[in-house]
Every structure is written in structure tokens, then in C-alpha cells.
Amino acid sequence: MKYSPAAGTARLISRFTGLGKKYGLEWWILVVGALIILAIVFMALFSGTIAPFSPYDQNTGPQLIGPNAVHLMGTDNLQRDVWSRIVWGSQTILRVAVLAAVVSSVVGICLGLLSGFSGGWFDRVGSLVMDSVYSFPGLILAIAFAAMLGPGVINIMLAVAVIYIPTYFRLVRGQTLSIKEELYVEAAKAIGASRLTTLWKYIFPNVIATTAVVFTLNVADAIMTEAALTYLGLGLPPSIVDWGMDLAMGKKFLPSGHWWLITFPGVMISVLALGFTMVGEGLAEILNPRLLER
Amino acid sequence: MKKSLARYVIIRLLLTIPMVFILLTIVFVILRVMPGDPVSSMLGGHAPEKVIEQKRKELGLDRSLPVQYVQYLWQICHLDLGESMIFKERVTKAIADKLPATVELTFFAMIITLFMGVFLGAYAADKRRSSRDYGIRLYGIVVYCIPVYWMGLMLQLIFGIWLNILPIAGRLGARTFASDFERTGFYVLDTIMARDFTALGDVLIHLVLPAFTLGIVLSGIFVRLTRANMLDVLKSDYILAAEARGIPHRKIVYKHALKNAFIPILTMMGLQFALLMAGAVLTETTFSWPGMGRLLLERIYLRDYPTIQGVIIVVALVVAMASLLVDVVYAMVDPRVRY
């Protein structure tokens with residue numbers, strides 16, 4: 001068997017397409033989730049062609065009018081088209097959430113591998129710090145970071161990324177600790193593999209499968225956190241189009257019954273998060289068919 | 001030494017200390033690195049140099065960071081969270097004023113979460129592989145993806161504005177005065193103690209929407225957890241024996257099986273506490289609920305460091321205590337987990 005990260009990923013993919021023949025519930029959940037994500041990614045990539053108006057255009061039509069033929073989701077108090085803002089807003093949320101998840105996973109996995117593999121005081125201190133951060137409400141920490149870093153796409157991405165690092169750390173460290181004891185790792189050491197090679201070629205490929213599931217669920221969570229931060233007014237300047245920000249701005253007009261300002265952004269956030277969650281859950285059930293046989 | 005409960009509690013307590021300590025340090029570092037000078041914003045943009053310097057000295061901000069850090073830790077050991085930079089009040093008082101509101105909200109939200117989550121989960125396990133089971137599982141996944149504040153806004157829209165049957169902001173109506181009955185800050189208790197039942201009604205009706213908002217969103221996790229645990233329990237021999245003895249099915253599922261599946265749920269409650277606090281911040285902003293979450297946000301906008309620090313410390317302590325409590329209860333019930 002080949003021990004490389006590429007082989008590990010290839011094995012992962014073949015396992016899941018092989019089991020795709022079994023059209024169970026898990027498979028459908030995965031497919032629906034993937035379709036949702038693709039639809040919104042499509043929306044983000046082709047915002048210019050899909051959106052009828054510019055999201056900044058303050059003269060698209062009458063102020064605060066409900067959904068109609070011209071404005072599919074109505075207009076806001078600055079006469080901007082809500083549907084266009086939704087379409088363009090998908091870019092922001094995808095960018096922040098996915099980037100944050102990537103940063104979290106890279107940092108978390110590296111630290112987890114190192115910590116699990118080296119043991120000793122580095123592992124002890126690392127675990128203690130990570131456990132402390134993990135047990136603390138993530139959103140509150142993200143709020144503190146976002147307030148500290150100030151508004152900006154990179155800043156909010158960092159604020160969101162920081163709170164998920166412990167998740168990857170704990171997962172990968174646990175797995176590293178158990179894989180470390182396997183016979184093939186000892187064999188690798190016996191044939192003279194350096195510690196770095198052992199980590200990269202033997203331990204890392206076995207860690208990828210569960211990490212992939214956690215990654216998708218992480219993106220879903222990152223979406224929720226990003227939207228929460230912008231709803232609270234932290235993290236992004238008002239000039240950037242964002243669903244959470246639209247919710248905050250639309251909130252003021254709720255008592256007068258202008259429901260379309262908050263309904264549509266909220267539905268989009270939920271649907272996008274749901275898409276990623278479904279992919280994650282579907283993946284989890286497909287990759288571990290016997291363990292999760294319920 | 002025998003694995004006694006006392007030993008477990010002591011070791012667990014000792015473990016909590018470094019964790020809280022690390023969180024305190026993180027908070028300290030975050031706040032000192034925050035951009036924006038609090039002193040000049042406090043005194044207005046055009047204060048003369050000398051006044052700014054003097055204020056800095058007063059607040060102890062002119063000393064080096066390590067010295068400030070030691071001073072900060074020393075203060076905390078004395079349970080002194082300092083004084084607000086913006087208002088003339090002690091941080092501990094500001095927090096003590098708002099804490100009961102948050103506790104009341106989270107308490108009722110947790111009750112709703114448990115009721116909905118546990119019973120739906122048990123029902124789904126009972127009716128396994130039926131369409132109702134799949135429906136409830138779907139509910140479990142979907143509900144977690146709904147942002148808490150959006151749920152709050154939608155419920156406000158439906159029940160507060162379109163149907164106009166529930167209030168959408170605050171803890172009390174315009175005609176009820178807290179000073180009439182306030183004693184502990186927990187309005188439900190206070191109104192009962194003061195025998196003021198109209199006020200109690202007002203308090204409860206103001207609790208409905210915020211508690212449901214927070215409760216529903218967190219119930220999804222419990223639905224899935226309960227369902228998974230119940231499925232395990234329902235396979236056991238003693239359940240089969242109970243059925244053979246002719247005990248009514250409903251009693252088996254909702255009494256015997258549920259009781260045995262309950263322990264992991266209890267542990268999960270402790271772990272979800274952090275989520276509850278995070279959700280509370282968002283719920284409080286949406287419903288103008290005068291609790292600690294809203295206090296935190298207000299003071300972040302104002303750059304009031306001591307209060308921000310104080311709130312985060314209190315949250316860290318509360319979460320640590322909750323998880324400690326849950327672990328101890330679990331160790332009480334299952335001696336195998338003791339150190």
C-alpha cells in the first residue's frame with residue numbers, strides 16, 4: 001500500500017464513490033447539500049450577470065417596497081435592491097468562511113500532529129491552552145478578536161479562524177496519539193524514516209478522512225459566526241455587502257412590518273450553513289457505514 | 001489511594017485553575033493589543049497632553065505590560081474587577097446588575113431545549129426508521145443552522161408584529177416597575193416572593209419569545225444525542241424483559257429507557273453551556289434584554305476595557321464551574337470515570 005497524502009486522499013475518494021452505489025439516505029443528504037453549495041458558489045462567481053442591479057445603487061426603485069416583479073425581494077430604505085445585495089453578499093460570506101476554515105485547519109492540524117507526535121511538555125502546554133480556548137464560548141472570543149483587530153475582510157477571517165483551531169488540534173492530536181502506536185509507524189522508524197517523514201507519509205494520510213468531515217462542518221459554523229459578527233456590527237465595514245449586515249440594518253424596519261429586509265438574508269444564511277452541514281453529515285455517515293449504523 | 005469521589009473533585013478543581021488562568025491571560029493580551037487609545041477617547045479628542053498623561057497614571061496604564069499583568073492578576077484574586085473607564089461604577093456592580101437577567105434567560109432556554117430535544121429524540125428513537133423519525137432528524141440538523149438572532153427576529157415578526165400577542169423587547173412592560181418587587185434580580189422569583197402575580201405574568205410573557213428563540217436553536221443537538229443514546233438503551237436486555245412482562249410500551253420508552261439514557265445528556269448540558277452563553281449574547285441584542293451579553297457589546301463599542309475584561313472573566317468562570325459541576329455529577333453516578 002502506498003503511504004502518501006495523495007494516496008490517502010485517493011483512497012478516500014474511491015471509498016466514497018464506491019459506496020455511492022448504495023442510494024441510502026446519507027447519499028441523498030450529501031447530494032442535496034452539495035447542490036445547495038454549488039448553487040450559491042455559482043451565485044458568487046457570476047454575481048455580475050445574475051444580479052439585476054448593483055448592490056450599491058441607491059436609486060433602483062421606490063423605497064421600502066415589498067417583493068414584486070421588478071424587485072424579487074423588495075427594496076430597502078436606501079432604495080437598493082435586496083435580491084442584488086443577496087447575490088453579491090454570497091461572495092463575502094463564502095470568502096470569509098472558507099478561508100477561515102482553511103486557515104484553522106492548516107494551523108490546527110499542524111499543531112495537533114506536532115503535539116501528538118512529540119509529547120512531553122509541548123504537548124501538555126499545548127493541550128491545556130487548546131482545551132481552555134475550546135471550552136470557552138467561541139462567539140464571545142471571536143467578538144473580542146474582531147473588536148481588537150478592527151473591521152476588514154482579513155481581520156474577520158482571522159477572528160473566525162482562531163476559535164476553530166482547538167477543534168482540529170484535539171481531533172488530530174487524539175488520532176496521532178493512537179496511530180503513533182501502530183506497528184507500521186515503528187517499522188518506518190526501523191527503516192530509518194526521519195520524524196518529519198513519519199509524520200507526513202504515515203500519520204497524516206490516516207488523519208485526513210475525519211478531518212474532511214470536520215472541515216465541512218467547520219465551514220458551516222464559520223458561516224454562522226461570520227454572520228453573527230457582522231450582525232453585531234463588528235468585523236466588516238458597512239461598505240462591504242454582507243448578509244449579516246443586511247440583517248442588522250433591516251432590523252430597524254421590522255416594527256413597521258417590512259419583513260423582506262430580514263427574511264431573505266436570514267434564509268440564505270441558514271440555507272448555506274445547511275448545505276455544508278448536510279455535506280458533512282452525509283460524508284460522516286458514508287465514510288463510517290458500520291460505526292454509524294442506526 | 002482508592003478512587004474516591006473526593007479525590008476526583010479535588011483533582012478536577014485543580015485542573016480548572018490553569019484553564020481559567022490561561023483564559024484570563026488571553027483576555028489581558030487581547031485587550032492591551034486593541035487599537036484605539038481608551039484614554040484619549042474617554043477625555044474627548046482635544047484634551048491637553050498633561051491631562052492625558054495624568055489620566056494614564058491614574059488608570060495604571062503607564063506602567064510596563066508585565067507590571068500591569070501582575071496587578072491585574074492580583075486584583076482578580078481579591079475579586080476586584082476594577083472600575084469602569086467610562087462610567088463611574090465598579091465593574092462588579094455593573095455585572096451583578098445584569099447577571100440575573102442573563103441567568104434567567106439561559107435557565108428558561110435550557111428548560112425548553114431539554115424538553116423539546118429530549119422528548120423529540122426519545123420519540124424519534126421509538127419510531128425508528130419511520131418518516132417521523134427522519135423528519136425529526138432533519139429538524140435536528142436544520143434547526144442548528146438557523147441563526148439565533150434570525151429566529152428571534154422572525155418570531156418577533158410573527159408573534160409580536162403580525163399577531164401582536166407577545167412582547168418583543170425588554171424584561172417588563174411599560175406599566176410594571178421593577179422597583180416594586182426587585183430583590184434578587186431574578187424577576188420570576190422576586191414577583192413570587194412579593195406575591196405580585198400580575199407582575200409575574202408580565203415577567204413570564206416577556207420571557208417567552210427570548211427563551212423559545214434560544215431554546216429551539218439549541219434543541220437540535222439534544223434531539224440527535226437523545227435519539228442516539230435511546231437507540232442504544234432500547235436494544236438492552238432489560239428493555240426486552242420489561243416488554244415481556246407486559247409493561248405498557250409508553251412507560252418503557254419514556255420512563256425506563258429515558259432514565260437510563262439520561263446521563264450522557266446531562267454531560268452534554270454542561271458542554272452546551274458555552275453555546276448557551278454565546279447564544280444569549282445574540283438573543284439579548286435582538287430582544288433588548290438587559291443582560292451581560294448586551295453589556296459586553298455596549299462596552300466593546302465604548303472601549304471600556306475593565307468592564308469588557310470583567311464580563312469575559314465572569315463568563316469564563318461560569319463556564320468552568322458548569323463543566324466542573326457536570327463532571328462531578330457524572331463521576332458521582334459512574335465511578336469508572338474517576339481519576
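Helices (H or I, at least four residues) and strands (E, at least two) are DSSP runs, numbered from the N terminus. With that noted, I started on the chains.

I am working on a predicted model, where local features need pLDDT of at least 70, side-chain atom pairs count only at pLDDT 80 or more, and totals for chains, interfaces and linings use all residues. Residues are numbered from 1 along each chain as its sequence is written, while chains are lettered from A and ligands numbered from 1 in the order in which they are written.

**Chain B, overall.** Reading along the sequence, I got α-α-α-α-α-α-α-α-α-α-α-α-α for chain B. That is 13 helices and 0 strands. I boxed the C-alpha atoms along the principal axes and found roughly 85 × 65 × 40 Å for chain B. Next I looked up burial, where a residue is buried if 20 or more other C-beta atoms lie within 10 Å of its own, exposed if 12 or fewer, and partly exposed in between, with C-beta atoms placed from the backbone. Of the 339 residues in chain B, 37% are buried. For contacts I used C-beta atoms, placed from the backbone, within 7 Å. Taking chain B contacts between residues at least 6 apart in sequence, 74% join residues at least 24 apart.

**Chain A, overall.** Chain A has 11 helices and 0 strands. Its C-alpha box, again along the principal axes, is roughly 75 × 45 × 35 Å. Buried residues are 49% of the 294 in chain A. I ran the contact count here too: among pairs at least 6 apart in sequence, 72% join residues at least 24 apart.

**Interface.** I counted 36 residues of chain B in contact with 38 residues of chain A. On the chain B side, α1 (5-33), α6, α7, α9, α11, α12 and α13 (305-333) each supply at least two residues. That side divides into 33 nonpolar, 3 polar and no charged residues. For these classes, Ala, Val, Leu, Ile, Met, Phe, Trp, Tyr, Cys and Pro count as nonpolar, Asp, Glu, Lys and Arg as charged, and the others, Gly among them, as polar.

**Helix α6 of chain B.** Buried in α6(B) are B:Ile136, B:Arg137, B:Gly140, B:Tyr144 and B:Cys145. Their cover includes α9 (195-231) and α11 (260-287) of chain A, together with α5 (91-126) and α9 (197-234) of chain B.

**Positive phi.** B:Asn164 is not a glycine, yet has a positive phi of about 55°. I found B:Asn164 in the loop between α7 (148-162) and α8 (187-193) of chain B. B:Asn164 counts as exposed because it has 9 C-beta neighbours inside 10 Å. B:Ser288, also other than glycine, has a positive phi near 50°. B:Ser288 lies in the loop between α11 (249-287) and α12 (292-302) of chain B. With 12 other C-beta atoms within 10 Å, B:Ser288 is exposed.

Notes. Two residues are in contact if their C-beta atoms, placed from the backbone, lie within 7 Å.
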